[in-house]
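The exercises below ask you to work through side-chain and helix geometry step by step.

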Amino acid sequence: MGAACSPSSSAVRGPEGADVCLFNDLASLSRDAAGALDRAAQPSLYDRISWFGLHAAHILRDVPLLGVRARTVDGTAWLILADRGGRRTEAYASWYTLAFAPVFAPGSDPSARPALLAVIARALRPHVDQVALGPLRTEDAALLAQAFAAGGWSSV
């Protein structure tokens, strides 16, 4: 199922054998992704580690990152968030981001996406009280609302 979390990330116990890591920097997240967030693997610009890197360097310079990765035998998902303090997070995005979304590794089973995101939602629960996500496509908003509800969250 892959390597354990890196020394600069935090392992979180996931349900049903899920491997979950929390990241506070893009370098650790990128190493853990092992190319799955690179241009060759992600067709959408907004799902690439390079896009998040541009935001870190030029737009969200002083904003801490909170990245969450869930991995099971069925696939891998990431949700990359900005830590706004006070147990609040939001999409690691800006007005340049036309569509924020959870990112899935190539080969991840599409039917496993809700479960992977529910694992991420449960992993966030002890660390944050509020997650604001956007801009979202309709299908991504529905998927995230379903997953966060399954993870014990309410959504507005």
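**Exercise 1. How many aromatic pairs does a search of the whole structure find, and how is the pair of Tyr46 and Trp51 classified?**

Solution. The model is a predicted one, and a search of the whole of it finds four aromatic pairs. One of them joins Tyr46 and Trp51, whose ring centres are 5.0 Å apart and whose planes make an angle of 85°. Planes over 60 degrees apart count as edge-to-face, and that is the class given to this pair. Turning to accessibility, Tyr46 and Trp51 are both buried.

**Exercise 2. Classify the pair of Phe52 and Tyr92, and state which parts of the chain the pair ties together.**

Solution. Begin with the geometry: the centres lie 6.3 Å apart, within the 6.5 Å limit for a pair, and the planes are at 50°, which gives a tilted arrangement. Next, locate the residues: Phe52 belongs to helix α2 (residues 49-59), whereas Tyr92 belongs to the loop between β5 (88-91) and β6 (103-104), so the pair ties together parts that are 40 residues apart in sequence.

**Exercise 3. What is the relative direction of helices α1 and α2, and which residues make the contact?**

Solution. The axis of α1 (residues 26-33) and that of α2 come within 11 Å, crossing at roughly 175°. Angles over 145 degrees count as roughly antiparallel, and therefore α1 is roughly antiparallel to α2. On the α1 side the contact is made by Leu26, Leu29 and Ser30, and on the α2 side by Ile49, Phe52, Gly53 and Ala56.

**Exercise 4. Which rings have the charged end of Arg113 or Arg125 over them, and at what distance from the centre?**

Solution. The charged end of Arg113 sits over the ring of Phe104, 4.3 Å from the ring centre. Arg125, in turn, lies over the face of Trp153, where the distance to the ring centre is 4.3 Å.

**Exercise 5. How does the span of helix α3 compare with the expected value, and which of its residues are buried?**

Solution. Helix α3 (residues 113-124) has twelve residues, and its first and last C-alpha atoms are 17 Å apart, close to the 16 Å expected at 1.5 Å a residue. The buried residues of α3 are Leu116, Leu117, Ala118, Val119, Ile120, Ala121, Ala123 and Leu124.

Definitions and conventions:
Residues are numbered from 1 along each chain as its sequence is written. This is a predicted model: local features need pLDDT of at least 70, side-chain atom pairs count only at pLDDT 80 or more; totals for chains, interfaces and linings use all residues. Side-chain values use heavy atoms; hydrogens and water are left out. Helices (H or I, at least four residues) and strands (E, at least two) are DSSP runs, numbered from the N terminus. The expected span of a helix is 1.5 Å times one less than its number of residues. Buried means under 20% relative accessible area, exposed over 50%, partly exposed in between (1.4 Å probe, protein chains only). Rings of Phe, Tyr and Trp (its six-membered ring) pair if their centres lie within 6.5 Å; planes under 30 degrees apart count as stacked, over 60 as edge-to-face and the rest as tilted. A charge sits over a ring if NZ of Lys or CZ of Arg is within 6 Å of the ring centre and within 35 degrees of the ring normal. Axes are lines fitted to C-alpha atoms, for helices over the stretch in contact, and angles run from 0 to 180 degrees between N-to-C directions. Angles under 35 degrees count as roughly parallel, over 145 as roughly antiparallel, 65 to 115 as roughly perpendicular and the rest as oblique. Contact means heavy atoms within 4.5 Å.
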